[in-house]
Amino acid sequence: MARTVNTYRRVIALTGPLLPLLSFLARLPVAMSQFGSVLLVAETSGSLATAGIVGGTLSAGQVVFGPVLGRLADRHGQRPVVLAAAAVNAVATGALVAGALTGLATAPLAAIGAVTGASVPLIGPLARTRSVALAHRAGTDEGVVGAVHSLEGTLDEVSFVFGPALVGLAALALHPAVALGGAAALVAVFGSAFALHPTAAVTAGTGAAERTPRGERGTAGAGRRARHPRVVYAVRGSLFLQGAMFGACQAGIAALTARLGVPGQAGIVYAAMGVVSAAVGLGLGALPARFGLRQRWRAATGAALVLSVPLLFTDGLWPLYAVVTVLGAAYAPHLITAFALTERAVPPARLAESTAFAASSLVAGQAAALAASGRLAEWYGPAGAFAVAVGAAAAALLLALATRVPAARAHPAAPRVFIPAQQTASPDLTGSPPGPPGPPGASGPSYAGR
């Protein structure tokens, strides 16, 4: 326990205490917008089909344009890209609320939903990229980098538990429009605050470095054209399958709770799974380094398969709670390991784009499985949807077993930047009080070497 606390203290020393808080609050709108848009459109239009179309276009926009925003962040830096995306997303979300309340037709609503999804500011992937860059610049060991991935994965899990919960509470107490309007305000305020945080300087972009005086592409440009190792594409496939498990579980839980006459329990059951997943993910940061990423990937996918099989035989509310809660313990380790594998395999100059691709794969799998398993649940009952989750878990395990995982980092991490004593008046990137300068080569808590 003490070792875990000490590791996370080192992570917070790198980022400063404010950055994780800002990134968490800026992630909530992503978790709120999809669920909130479906509830809002369903209530204002009276049509579940229309709500599904709008929610689908929102997911499609995020899947297609997420990697584009990641590439722009790699090239031009996080600050301008996140500021622009947060502004567009806040306006688009507000327009979606206004359009739904005024009875806008399905096609225009779907178009606004697509813009809303396309402008999601990718706080999760970009926060990972920024924190990893801070860790590498400070010369930390792989244990701290692993703890960064664990913390970011936990923040993702918690946001995807609290986001829909906030939407549900606001919809019950007031109106779904209030929930979606709140998401617009959150992304405008905290998305911008994340972009303006001083640590954004560590992800200033590579665009200038790629241009030579004669207009030729340098080594960075060549690196951008290089093909990723196979493990990167395998991880994206594994995340697609993980998303399929999410979508199938959502459909199966909704179908079973409706059959039992307690449809309001569906969100609580799913939230219980997320809470356990987040807790296990946080504890993953203390796992010894001898348990490599290959072993973690295989263990997580194997556990997901074993723990998902009982879903096929679950027919009561309390057994559902038990099975789904235990299953949550396999989710965060897989997500954290997948993003860590991505970070190990891609060049630092392409990390934001690559993590955005990974996140888009997860969203795509969830959307595809939710549509397919919903139909299967209508035909064959909850077990039909849960069978999709079990099948996806089996495919993810086979992929993990068949993929060769390199033993070492594929690309050298960015070197640690040392600020000599006479330069310590420069601004601290973490927002923490400055400390005394250390000797060259000493390991320090912040990017600035202090």
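Colleague: A nonpolar core is a set of buried Ala, Val, Leu, Ile, Met, Phe, Trp, Tyr and Cys residues joined through side-chain atoms within 4.5 Å. How many residues are in the largest nonpolar core here?

Modeller: The largest core has 69 residues. The residues with the most contacts inside this core are Cys-249, Ile-253 and Trp-297.

Colleague: Which helix gives the most to this core?

Modeller: That is helix H13, residues 317-345, which gives 14 residues. Helices (H or I, at least four residues) and strands (E, at least two) are DSSP runs, numbered from the N terminus.

Colleague: Before we go on, what kind of model is this?

Modeller: It is a predicted model, in which local features need pLDDT of at least 70 and side-chain atom pairs count only at pLDDT 80 or more, while totals for chains, interfaces and linings use all residues. Residues are numbered from 1 along each chain as its sequence is written, and side-chain values use heavy atoms, with hydrogens and water left out.

Colleague: Back to Trp-297: with which residues is it in contact?

Modeller: Neighbours within four places in sequence are set aside here. The partners of Trp-297 then include Val-231, Ala-234, Val-235 and Ser-238, as well as His-334, Thr-337 and Leu-341. Leu-399, Ala-400, Thr-403 and Val-405 are also among them. Contact means heavy atoms within 4.5 Å.

Colleague: Which residues does the second core include?

Modeller: The second core is separate and has 15 residues, including Ala-73, Val-81, Ile-123 and Ala-352.

Colleague: What about the chain as a whole: how many helices and strands?

Modeller: The chain has 15 helices and zero strands. Of its 450 residues, 51% count as buried (buried means under 20% relative accessible area, exposed over 50%, partly exposed in between, with a 1.4 Å probe and protein chains only). Among contacts in the chain with a separation of 6 or more, 84% are between residues 24 or more positions apart.

Colleague: Is H13 mostly covered or mostly open?

Modeller: H13 is mostly covered, since 23 of its 29 residues are buried.

Colleague: How far apart are the end C-alpha atoms of H13?

Modeller: They are 42 Å apart, and this agrees with the 42 Å that 29 residues should span at 1.5 Å a residue. The expected span is 1.5 Å times one less than the number of residues.

Colleague: And what span should H15 have?

Modeller: Helix H15, residues 382-402, has 21 residues and should span 30 Å. Its end C-alpha atoms are 31 Å apart, which agrees.

Colleague: Against which helices do the buried residues of H15 pack?

Modeller: They pack against helix H10 (230-259), helix H12 (293-308), H13 and helix H14 (351-380). Pro-382, Gly-384, Phe-386 and Leu-397 are among the buried residues of H15.

Colleague: New topic: is Arg-128 buried or exposed?

Modeller: Arg-128 has 4% relative accessibility, so it counts as buried. This arginine is found in helix H6, residues 123-137. Not counting residues up to four places away in sequence, Arg-128 touches Glu-152, Gly-153, Asp-156 and Phe-339.

Colleague: Last one: where is Leu-151?

Modeller: Leu-151 has its place in helix H7, residues 142-173. With 14% relative accessibility, Leu-151 counts as buried. Leaving aside neighbours within four places in sequence, Leu-151 is in contact with Tyr-8, Val-11, Ile-12 and Leu-282.

Colleague: What separates the C-alpha atoms of Leu-151 and Ile-336?

Modeller: The two C-alpha atoms are separated by 8.9 Å, while Leu-151 and Ile-336 are 185 residues apart along the chain.
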